[in-house]
Amino acid sequence: MKRLLCFVLTVSVLLSTLSGCGQKLNEPVTFYYLKSSYQENLDSPIVGEEREVAGHRDNLKYLLSFYLMGPIGKELSSPLPRGTQLYTVEQEGTALTIEISNTSALLSDAEFSLACACLSMTCMELVNAEKVTIVSGSRSLTLSRDNLLLNDTITPEETAK
């Protein structure tokens with residue numbers, strides 16, 4: 001009886017090992033979101049969250065749709081409004097263009113810039129992209145790996161008031 005049990009266990013371990021050969025089913029990726037309390041603190045508002053992607057590591061459209069579902073951690077929040085959908089993903093060399101639904105109208109310029117920074121950092125983490133352009137309705141923002149600057153339309157004079 002013990003021999004039969006050992007044989008069955010050995011075969012099941014071998015089969016599960018062989019069926020996973022060549023596949024990295026639990027390879028984690030990093031998605032970038034906002035800290036829920038970023039407006040109260042002066043530190044970086046963008047934080048990475050590791051996620052398991054269950055064999056979809058090479059499917060960027062799937063990963064970005066998964067990203068748009070929002071973070072798991074309660075201390076993080078999605079930079080894009082709930083219901084934002086992914087329309088198109090086009091990669092040409094190291095340039096990536098992403099079109100999302102027109103939910104950017106619900107965001108100020110600073111909020112849209114933060115959302116684009118989070119999404120761009122996520123894309124640069126997932127694929128070999130040096131430049132990411134995000135299009136949402138009539139708004140568009142391009143960020144590059146070398147120059148991740150956030151756009152803010154408030155002038156220093158308005159900030160001092």
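Helices α2 and α3 meet through L60, L63, L64 and Y67 of α2 and C118, L119, T122, C123 and L126 of α3, where contact means heavy atoms within 4.5 Å. The residues of this contact divide into eight nonpolar, one polar and no charged; Ala, Val, Leu, Ile, Met, Phe, Trp, Tyr, Cys and Pro count as nonpolar, Asp, Glu, Lys and Arg as charged, and the others, Gly among them, as polar. The model is predicted: local features need pLDDT of at least 70, side-chain atom pairs count only at pLDDT 80 or more, and totals for chains, interfaces and linings use all residues. Residues are numbered from 1 along each chain as its sequence is written, and side-chain values use heavy atoms, with hydrogens and water left out.

**The chain as a whole**

- The chain holds four helices and seven strands; helices (H or I, at least four residues) and strands (E, at least two) are DSSP runs, numbered from the N terminus.
- Along the sequence the pattern is α-β-β-α-β-β-β-α-β-β-α.
- Of the 161 residues, 34% count as buried; buried means under 20% relative accessible area, exposed over 50%, and partly exposed in between (1.4 Å probe, protein chains only).
- Among contacts with a separation of 6 or more, 56% are between residues 24 or more positions apart.
- The accessible surface comes to about 10400 Å², and 55% of this belongs to carbon and sulfur atoms; the areas come from the Shrake-Rupley method with a 1.4 Å probe, and for residues only the protein chains shown count as cover.

**Helices α2 and α3**

- The axes of α2 and α3 come within 11 Å and cross at roughly 145 degrees; axes are lines fitted to C-alpha atoms, for helices over the stretch in contact, and angles run from 0 to 180 degrees between N-to-C directions.
- The crossing of α2 and α3 is right-handed; a crossing is left-handed if the near helix is turned anticlockwise from the far one by less than a right angle, and right-handed if clockwise.
- The buried residues of α2 are L60, L63, L64, F66, Y67 and L68.
- Their cover includes β1, β2, β4 (86-92), β5 (95-100) and α3.
- After α2 comes G70, which has a positive phi near 100 degrees.

**The three-stranded sheet**

- Three strands form an open, antiparallel sheet in the order β2-β1-β3; two strands pair if DSSP finds at least two bridges between them.
- β2 and β3 (76-77) are at the edges and have a single partner strand each, so one side of each is left without a neighbour in the sheet.
- Two bridges join β1 (residues 28-35) to β3, and L34 has S77 of β3 as its bridge partner.
- α2 packs on this sheet, touching β1 and β2, and its direction makes about 35 degrees with that of β1.
- α3 (residues 109-126) lies across β1 and β2 and runs at about 170 degrees to β1.

**The four-stranded sheet**

- Four strands form an open sheet of mixed pairing in the order β4-β5-β6-β7.
- The edge strands are β4 and β7, each of which pairs on one side only.
- From one strand to the next the twist averages 15 degrees.
- β5 and β6 are parallel and share six bridges; T97 has T133 of β6 as its bridge partner.
- β6 (residues 131-136) and β7 are antiparallel and are also joined by six bridges, with V135 opposite S140 in β7.
- The hairpin of β6 and β7 has two residues between the strands, and G137 there takes a positive phi near 60 degrees.
- α2 lies across β4 and β5, at about 135 degrees to β4, and α3 lies across β5, β6 and β7, at about 45 degrees to β7.

**Two loop residues**

- H56 is in the loop between β2 (46-52) and α2 (60-68), and H56 is partly exposed, at a relative accessible area of 29%.
- Leaving out residues up to four places away in sequence, H56 touches Y62 and L63.
- S104 is in the loop between β5 and α3, and S104 counts as buried because its relative accessibility is 2%.
- Apart from neighbours within four places in sequence, S104 is in contact with F112, S136 and R139.
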